[in-house]
Amino acid sequence: MSVLKRGAGALLASLLLAALPFTAEAAESTAPVPGPPAASAGVTAATEGVSLTGDRAGSPATARPAQRTPAKQSAGVARASWYYHITASCRGYENAIAAGADYWGGGVQTASGGTPVSCTNGYVAGCGISNAVGCNWNHGGRIALSTMVRDFALLSAHEFGHNWYDHSAVGCASWNSPYDVMKTQMC
């Protein structure tokens with residue numbers, strides 16, 4: 001093996017280790033999801049002057065300045081509704097999960113319909129990496145969240161964001177903008 005290949009392998013291993021232990025990752029599957037559709041692929045979420053645009057095909061989300069709209073919208077204008085329910089494994093975390101869902105608007109918490117949201121006190125299994133603290137399968141088919149993170153509402157917002165968007169960039173997620181919510185790590 002050449003020195004160049006060994007060096008590239010060592011660099012890759014170092015980068016992967018730097019991402020431990022708090023990486024938020026969304027796994028995708030091709031299985032159809034029953035229930036109401038979350039939203040169309042071209043949805044744009046606007047929050048605090050920044051719009052996040054992404055698609056279901058796996059293109060990275062991007063930030064751009066929000067287009068200004070008139071100060072008053074007509075009473076008939078409403079965001080599309082999407083549905084989720086919190087399972088018993090998340091007892092005590094319901095408010096943080098609802099706060100994360102509310103970040104994107106239009107979320108309706110139900111008793112048993114829509115995306116099931118479950119919680120674990122360890123890493124989320126079956127998400128494609130061993131150290132995932134959150135996972136959203138099939139753009140809202142199922143969400144799992146780890147209680148190991150400091151800002152559980154932010155993790156919730158990040159994973160609900162995967163209903164529409166891929167990761168925006170490598171780095172620590174924050175509440176600064178939709179672009180930052182969709183970064184890869186919960187630091």
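The S-S torsion of the Cys-172 to Cys-187 bridge comes out at about -80 degrees, so this disulfide is left-handed. Here a disulfide is a pair of cysteine sulfur atoms within 2.5 Å, and this pair sits at an S to S distance of 1.9 Å. Cys-172 is in the loop between α3 and α4, while Cys-187 is in the segment after α4, so the bond ties together parts that are 15 residues apart in sequence. Helices (H or I, at least four residues) and strands (E, at least two) are DSSP runs, numbered from the N terminus.

A word on the model itself: it is predicted, with local features needing pLDDT of at least 70 and side-chain atom pairs counting only at pLDDT 80 or more, whereas totals for chains, interfaces and linings use all residues. Residues are numbered from 1 along each chain as its sequence is written, and side-chain values use heavy atoms, leaving out hydrogens and water.

Back to the cysteines. Accessibility is sorted into buried (under 20% relative accessible area), exposed (over 50%) and partly exposed (in between), using a 1.4 Å probe and protein chains only. Cys-172 is partly exposed at 38%, and Cys-187 is partly exposed too, at 48%.

A search of the whole structure turns up three disulfides. One of them links Cys-90 and Cys-119, with the sulfur atoms 2.0 Å apart. Its torsion about the S-S bond is about 100 degrees, so this disulfide is right-handed. Cys-90 belongs to the loop between β4 and α2 and Cys-119 to strand β6, so the pair ties together parts that are 29 residues apart in sequence. Both Cys-90 and Cys-119 are buried. Cys-127 and Cys-135 also form a disulfide, again with sulfur atoms 2.0 Å apart, and a torsion of about 85 degrees makes that bond right-handed. Cys-127 counts as buried because its relative accessibility is 4%; Cys-135, at 0%, counts as buried as well. With bonded cysteines counted along the chain, the pattern reads 1-2, 3-4, 5-6.

Helix α3 (residues 152-161) is mostly covered, with 10 of its 10 residues buried. Among those buried are Leu-154, Leu-155, His-158 and Glu-159. The cover includes the strands β4 (82-86), β6 (115-120), β7 (134-137) and β8 (142-146), together with the helices α2 (94-102) and α4 (178-181).

Two packed helices are described by the angle between their axes and the distance between the axes. For α2 and α3, the axes come within 7 Å and cross at roughly 45 degrees. That makes α2 oblique to α3. The axes are lines fitted to C-alpha atoms, for helices over the stretch in contact, with angles running from 0 to 180 degrees between N-to-C directions; under 35 degrees counts as roughly parallel, over 145 as roughly antiparallel, 65 to 115 as roughly perpendicular and the rest as oblique. On the α2 side, the contact (heavy atoms within 4.5 Å) is made by Ala-96, Ile-97, Ala-99, Gly-100 and Ala-101, and on the α3 side by Phe-152, Ala-153, Ser-156, Ala-157 and Phe-160.

Phi of Asn-138 is near 55 degrees, a positive value in a residue other than glycine. His-139, in the loop between β7 and β8 too, has a positive phi of about 50 degrees although it is not a glycine. Asn-138 counts as buried at 17% relative accessibility, and His-139 is buried with a relative accessible area of 17%.
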